[in-house]
Amino acid sequence: MSEPNDLSELHWLLAIIQSIDVGVVVLDREYRIDVWNTFMENRSGRLPEEARKKTFFELFPEVDEHWFRRKVENVATLGTPSFTIWEQRPYLLRFKNYQPITGLEDFMYQNTTLMPLKALNGRIEQICLIIYDVTGVATNRRQLQAANQELQRLSSTDRLTGLFNRGHWEEMLRQDYARHLRYERNAALVMFDIDHFKKINDSYGHQAGDAVIQQTAELVRQCMRDADIAGRYGGEEFVVLLPDTDSEGAVTFAERLRQTIAAHEVVYDGHSIRFTVSLGIADLSQPTSGYAQLIERADNALYSSKAAGRNQVTLYR
């Protein structure tokens, strides 16, 4: 009496497997295909009769066979499911993405589940692979992360120059000062401003002045190391934090920057604009009461450069 009910139940189970919007693949212990549902047929372009009894690796040679076998054997040995998520591995099978809303992605992001299937004798003779299309979730998450990164970048950079704004570079200086206290690592701060900048604005206009500031920032980027931190202090004044740098190294950097800027020509609206900078340096080799004192000392050294005739470097002593 129960046999018709069992067959009816099996019929409905097969109908569900064929209609659900997830990939269902059942593998025997030789990795041959036993079940291949409509989702798999549509995404792979292979009919069930083409896939059945072929090995998984014949159908998907792009799969890391060593990794996949290890995952499957662990499931078979332990008798417990195993999961992968798209953050760890964007996809198992490289299916094209056909979703119109998330069409910017070339492939389908996937979460996967491997489930052990017990036979009537209690042994695990088959493994069920379930593939979930999570492209929409992944795309939204990636777009949100990109937006957050862009917001973070905008909140920490100066709009005109693209260098760090005062709040950010001052925080980086505070952190470097804390490392100095803990590990006795040196650091130097170079502060400089553009000589006679008001005259540039008065002679050529504020847009020309902005061009001078922007190109100065670019020259700073060309002269600095990847580990250095450049920022805009305000107006025509800039700072460069040089981690793990003593006063001699800072002077070398500052002189190179001064000469680079003096040799540069800004062409704006048919005008050739040449300009110089005055620089002041302070480093952490001398006792300081805090990172703010390093800023004050670099500022004093900058003032000395300007008082001595501009276009020069002064080290605070």
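In which loop is Asp 244 found? Select Asp 244: this residue is in the loop between β8 and α10, where helices (H or I, at least four residues) and strands (E, at least two) are DSSP runs numbered from the N terminus. Asp 244 is not a glycine, yet has a positive phi of about 50°.

The model is predicted: local features need pLDDT of at least 70 and side-chain atom pairs count only at pLDDT 80 or more, while totals for chains, interfaces and linings use all residues. Residues are numbered from 1 along each chain as its sequence is written, and side-chain values use heavy atoms, with hydrogens and water left out.

**The helix pair**

Select α9 (residues 206-223) together with α10 (residues 247-262). Their axes come within 10 Å and cross at roughly 140°; axes are lines fitted to C-alpha atoms, for helices over the stretch in contact, and angles run from 0 to 180 degrees between N-to-C directions. The two helices, α9 and α10, are therefore oblique to each other (angles under 35 degrees count as roughly parallel, over 145 as roughly antiparallel, 65 to 115 as roughly perpendicular and the rest as oblique).

Next, show the side chains at the contact (heavy atoms within 4.5 Å). From α9, Thr 216, Leu 219, Val 220 and Cys 223 meet Phe 253, Arg 256, Leu 257, Thr 260 and Ile 261 of α10.

**The cores**

Move to Phe 192 and Ile 194, which have the most contacts inside the largest nonpolar core, a set of 33 residues. Such a core is a set of buried Ala, Val, Leu, Ile, Met, Phe, Trp, Tyr and Cys residues joined through side-chain atoms within 4.5 Å; buried means under 20% relative accessible area, exposed over 50%, and partly exposed in between (1.4 Å probe, protein chains only). Helix α9 supplies the largest share of this core, eight residues.

Centre on Phe 192. Beyond its neighbours within four places in sequence, its contacts include Thr 216, Val 220, Phe 238, Leu 257, Ile 261 and Leu 279. A second, separate core of 27 residues can then be selected through Trp 36, Ala 51, Leu 114 and Ile 131, which are among its members.

**Two further loops**

Select Ala 227, in the loop between α9 and β7 (229-234). Ala 227 counts as exposed, at 52% relative accessibility. Its C-alpha atom is separated by 7.6 Å from that of Leu 242, 15 residues apart along the chain.

Finish at Arg 310, in the loop between α11 (291-307) and β12. Phi of Arg 310 is positive, near 70°, in a residue other than glycine. With a relative accessible area of 29%, Arg 310 is partly exposed.
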